[in-house]
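Work through the exercises below with the structure open beside you. Try each task before you read its solution.

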Amino acid sequence: MTLPPGPQRTTAVHLWRWLWRPFPFLEECRARYGETFLLHIASMPPLVIMSNPEHIREVFAANGDDMHAGEVAIALRPFLGARSLILLDGPEHMRMRKLVLPPFHGERMQAYGRDIVAITHDAVDAWPLGERFAVQRPMQRITMEVILRTVFGLDEAGSRERIGAMLEDLLETATWPPLLVPAVQKDLGAWSPWGRYQRKAARANETLLGEIHRRREAGTAGRVDILSMLLDVRDEQGNGLTEEDLRDQLVTLLVAGHETTATSLAWTLHWVLGDERVRRRLDAEVSEAQRDGGITPERVAKMEYLDAVIREAMRLRPVIPLVGRVLQKPMRIGGYDLPAGVAVAPSIYLTHRNPAVFDDPTRFRPERFLERKYAPTEWFPFGGGVRRCIGMAFALYEMKMVLATVLARVDLRAAPGRPVVPVRRAITLSPSQGMPVIMASRWPRPATATA
Ligand code: HEM
């Protein structure tokens, strides 16, 4: 067995840097140890970090029985529930994935376009004019509202508001990075960080189980929301999902889809507002769509430059820096004979900045995505293989709808001040200060833009 080189086991220091400064830490390690290196981080299995697409292909092509992703995410178990798709492995994962995947099929997304555009108009109407505000927060409101309507199927504004506020509060409590460390996950009373989280989670659990029960009773005929579809799914033996299965998947979809999408939206605005040339080209594409019948889901879906802008922003600032798989048997990966128990971890961040794949890799240049198609082992902000994000089509579609609507309605500027850098919020890397902006003007909402 040969393990790649890497820093010595100074776990506390590594954990600190990993939690608070992951990008400079990863870059330093690559410069020092090469494209494949070994990291030991607290309670996680040893991580073999890789950024060569050929090696990443070996990981993404592997069978789910030989490499377990659920084991890497074990720290999320108290947040997501033991039946979460993210935490299952092997045949159980395959069964659950088959059941959960169909509602996320690309074509289904069109059913949600009008809702997403209308939700964005409502949000933009409430933004303060001429004042500095952090855009990450309203983006979270938008993505939360989108999930409540399209995934949970909450049609009634009152219950959306009540449940949304409760879930937002719960998720905000969970973003403190140390809560991911098992040693901190101890209930020392209602005022301890974990105790507070536990009490809020118990209330959310009850509410979600209540909603699932109500929907089952009311019936799902004619409904297009994802919960209704999940209530109807059956495996080959005719078995559906239990209430706990459903609850854990709802929480998973919320946790996996809300903050990630909001953060990617905030990062995309960060790049667009910081680059006059890109901004002008994007504005021209938006104006053309407006002349061409307005910002409708069908028209926005065809906006190629916007698509390239989003992909380029996700290349430079992937909100999740890496994905991991624990080897279930000794395997040869990336030229190393690795023992079982080690985790191979394709680094999204380092691969996206690999100069052998992307020329001038630190430059924000969306055109590269119009000039060339990148392989799923070169650009993979949504991971890959049998574990690739099931919300990829949903998130890309949602981001396009939101950004086109925002750019058509308001003139946003980056607020002056300290540079915006990545900071960790639980599992995602977000723009510091929530990406401060100023709305210089707002144009009236078109009469057609209602849900
Ligand atoms: C910009 C937004 C998003 C990003 C960057 C993102 C990223 C990721 C990544 C990196 C993974 C791990 C993949 C791997 O291990 O190879 C993942 C998994 C997952 N994501 Fe997303 N995601 C986003 C949005 C969403 C949305 C909108 C949903 C659903 C509503 C979602 C649901 C999931 C689920 C259920 C998994 C687990 C898949 C499995 O283990 O089989 N994600 N996502």
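**Exercise 1. Find which residues are linked with Asp115 in a network of salt bridges.**

Solution. Begin with the rule, by which a salt bridge is a side-chain nitrogen of Lys or Arg within 4 Å of a carboxyl oxygen of Asp or Glu. Under this rule, Asp115 belongs to a network of salt bridges together with Glu145, Arg149 and Arg160. Counted in this way, the salt bridges come to 40.

Before going on, note that this is a predicted model, in which local features need pLDDT of at least 70 and side-chain atom pairs count only at pLDDT 80 or more, while totals for chains, interfaces and linings use all residues. Residues are numbered from 1 along each chain as its sequence is written, and side-chain values use heavy atoms, with hydrogens and water left out.

**Exercise 2. Locate the partners of the salt bridge between Arg277 and Glu367, and decide whether Glu367 is buried or exposed.**

Solution. First, the closest N and O atoms of Arg277 and Glu367 are 2.9 Å apart. Next, Arg277 lies in helix α12 (residues 276-291) and Glu367 in the loop between α15 (348-352) and α16, so the pair ties together parts that are 90 residues apart in sequence. (Helices are DSSP runs of H or I with at least four residues, numbered from the N terminus.) Finally, Glu367 is buried, with a relative accessible area of 10%, whereas Arg277 is partly exposed at 35%; here buried means under 20% relative accessible area, exposed over 50%, and partly exposed in between, using a 1.4 Å probe and protein chains only.

**Exercise 3. Describe where Asp187 and Arg199 lie.**

Solution. Asp187 and Arg199 form a salt bridge whose closest N and O atoms are 3.2 Å apart. Asp187 is in the loop between α8 (157-173) and α9 (193-218) and Arg199 is in helix α9, so this pair ties together parts that are 12 residues apart in sequence. Asp187 is partly exposed, with a relative accessible area of 40%, and Arg199 is likewise partly exposed, at 37%.

**Exercise 4. Work out which residues α12 and α17 use for their contact.**

Solution. The axes of the two helices, which are lines fitted to C-alpha atoms over the stretch in contact, with angles from 0 to 180 degrees between N-to-C directions, come within 10 Å and cross at roughly 90 degrees. That makes α12 roughly perpendicular to α17, a term that covers angles of 65 to 115 degrees. The contact, meaning heavy atoms within 4.5 Å, is made by Arg279, Leu282, Asp283, Val286 and Gln290 of α12 and by Ala404, Leu407 and Ala408 of α17.

**Exercise 5. Identify the residues that touch the most other members of the largest nonpolar core.**

Solution. A nonpolar core is a set of buried Ala, Val, Leu, Ile, Met, Phe, Trp, Tyr and Cys residues joined through side-chain atoms within 4.5 Å. The largest one has 106 residues, of which Phe79, Trp127, Val135, Met139, Phe152 and Leu412 touch the most other members. Leaving aside residues up to four places away in sequence, Leu412 touches several residues, including Trp127, Leu269, Val406 and Ile438.

**Exercise 6. Name the protein donor to the iron atom of the ligand.**

Solution. Donors are N, O and S atoms within 2.8 Å of the metal (3.2 Å for Na, K and Ca), and water is not among the atoms, so sites may look incomplete. The iron atom has a single donor from the protein, the SG atom of Cys389, 2.3 Å away. Cys389 is placed in the loop between α16 (368-371) and α17 (392-409).

Terms used
Helices (H or I, at least four residues) and strands (E, at least two) are DSSP runs, numbered from the N terminus. Angles under 35 degrees count as roughly parallel, over 145 as roughly antiparallel, 65 to 115 as roughly perpendicular and the rest as oblique.
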